[in-house]
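Here is a friendly walk through one protein model. Have the sequence and the 3D view open as you read.

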Amino acid sequence: MSEDPIAAFVKEAAALQGLLLDDDSLLGVVTNTRVLRAMAADFIDWPLPADLDPAALLRL
Amino acid sequence: MDLTAFEIAADVRGGRRRAADVVAAAFRRISALNSGLNCFTSTVRDRALISAEDVDQAVKDGRDPGPLAGVPFAVKNLFDVQGTVTLAGSTIAAEQPAAAANATLVDRLETAGAILVGSLNMDEYAYGFTTENSHYGATCNPHDPTRVAGGSSGGSAAAVAAGLTPISLGSDTNGSIRVPAALCGVYGLKPTFGRLSRHGTVPFVHSLDHVGPFARSVRDLALTYDVLQGADPLDPACADRPAEPVAGLLESAKPSVRAGVLGGYFRDAASPQALSALEAVAWKLNARPVELTGAKAARAAAFCLTAAEGGSLHLPNLRRRAGDFDPAVRDRLIAGVLQPASVLAKAQRFRRWFLDEALRLFEAFDVLLAPATPFAATPIGQATTPLGGQSVSVRASLGLYTQPISFIGLPVLTVPLVRPNALPMGVQLIAAPWNEGLLFRVAHALEAEGVIGAKRPSLMPAVQPAIASDPFGEGARGDQ
């Protein structure tokens, strides 16, 4: 059976970042990665004006 | 309940009460109640007694002891206190040396005559909404000690709700002042991003971090906020603006405001209790329904940015000693740093767009209303709760309605609803940037009309004798 792609991504990306994950932590990080991906889906395709510039964001 | 900061300062300044007696009473109350609530992680008794003597000497000498003379206060343990290790809710930071200097806001309160009594519990590195800290224990809600106080500034809200101190300081990245203020039934101010100095606090998410005060009355919150204000070159995010005092505005005529009650996302998953609290305020202000487009996406973008920035900040320790983190915090931080860059870049661009959407609403409205939390305090240890027909994480969901607003830095005053025989619920009063003064005027009017107000918790029977004998005179004053 092929490995869950999210778990495979987490293992590889964590290793590239120098992060060592034990089994418990891997499970927790995978769960949280799923949550973040679901969150990102809420805005990643949000239509924004092409010239929208976030640079002045904090100049309230 | 015990005396307000306003009453204490008036008595101390007028020579009718000694600061030393006020501080001694505060420590007696902390001794009696803290073991059951777990608000404090450390106290600074010697320092407080010396400060109190200085205040009393100033009064004796005819010098101005400051507008908060003799008022005890405590701070979330991410504020530097000279001579004390700044924990930020972690055991990793506990290995660091004691702070060499105070945070700017600690200095400002002490300059105003307030007296620091200790530091308060929080979620590890401010990443949580419940203050169930795996290292230092859970802070209990004074209204029901089997329930959470909210977080991450749970110790700050619970200490004020229980009357351990009349005022406290906390921080708010995604709702960490507003959520515990709501669940503990006190007032909490998350000011405009850049209004108050964060110098000398442990950061969580630089682009989202705010600091602010808690209190049991609008007047106490205003007095505290006024002495905290002012530019600070030591915090690069702190705006170069003069202080805009609000306490003097409270007695002015009731403001005529155009109020809007946020619908859609801000109502869809709210419990009947949250909606009832919202309606009580909305009715009093004749609020009209209004939609803030993109709120759900804004919450999501704040969620992703928080994990990424927070994870990045702690990456060195996550690499070297991940086992020393609270597991729930660690796994979220690690997942955060693994996110694609495209997600984070889009989140920042969306943030600009969403701010413009919100600012557009303020052309038609002066104040916007939203629930502070979707539900009341949950039992300590309960991981999930039903919400909107689903089982959702308590820790994550408590910030549903606060995250979209802090994402764009708007000022918010969270107010406690008067709800007899019920757990506290709070409502967010939201204004345009730098318009905190209007929020205070609206809150003061609502408080005067009896719609909002901090309710005295039913304290544990074991502490009654200690309270009855203390010089605050609470035993004689009875419930209010």
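A:F9 is found in helix α1 (residues 5–16) of chain A. Helices (H or I, at least four residues) and strands (E, at least two) are DSSP runs, numbered from the N terminus. With a relative accessible area of 36%, A:F9 is partly exposed; buried means under 20% relative accessible area, exposed over 50%, and partly exposed in between (1.4 Å probe, protein chains only). Leaving out residues up to four places away in sequence, A:F9 touches A:T33 and B:L338, where contact means heavy atoms within 4.5 Å. A:L20 lies 11 residues from A:F9 along the chain, and their C-alpha atoms are separated by 14 Å.

A word on the source: this is a predicted model, in which local features need pLDDT of at least 70 and side-chain atom pairs count only at pLDDT 80 or more, while totals for chains, interfaces and linings use all residues. Residues are numbered from 1 along each chain as its sequence is written, chains are lettered from A and ligands numbered from 1 in the order in which they are written, and side-chain values use heavy atoms, with hydrogens and water left out.

Now to the sheet in chain B. An open sheet is formed by 11 strands in the order β1-β3-β2-β8-β10-β9-β16-β17-β13-β11-β12, and the pairing is mixed. Two strands pair if DSSP finds at least two bridges between them. At the edges stand β1 (40–43) and β12 (288–290) of chain B, each with a single partner strand, so one side of each has no neighbour in the sheet. From one strand to the next, the twist averages 30 degrees.

How many residues of strand β10 (residues 210–215) of chain B are buried? The count is 6 of its 6 residues, so to speak a mostly covered strand. Strand β8 (residues 167–172) of chain B runs antiparallel to β10(B) and is joined to it by 6 bridges. Strand β9 (residues 187–190) of chain B is also antiparallel to β10(B), with 2 bridges. B:A215 in β10(B) is the bridge partner of B:I167 and of B:Y187. Elsewhere, β11 (residues 259–262) and β13 (residues 367–371) of chain B pair in the parallel sense over 3 bridges, with B:A259 opposite B:V367 in β13(B).

B:T414 sits in strand β16 (residues 412–416) of chain B. B:T414 is buried, its relative accessible area being 0%. Beyond its neighbours within four places in sequence, B:T414 has contacts that include B:R178, B:Y187 and B:Q428.

Next come the helices. Two packed helices are described by the angle between their axes and the distance between the axes. Axes are lines fitted to C-alpha atoms, for helices over the stretch in contact, and angles run from 0 to 180 degrees between N-to-C directions.

| Helix pair (chain B) | Angle | Axis distance |
|---|---|---|
| α4 (residues 104–111) and α7 (residues 218–228) | about 115 degrees | 8 Å |
| α7 and α16 (residues 436–448) | about 160 degrees | 9 Å |

α4(B) and α7(B) are therefore roughly perpendicular, whereas α7(B) and α16(B) are roughly antiparallel. Angles under 35 degrees count as roughly parallel, over 145 as roughly antiparallel, 65 to 115 as roughly perpendicular and the rest as oblique.
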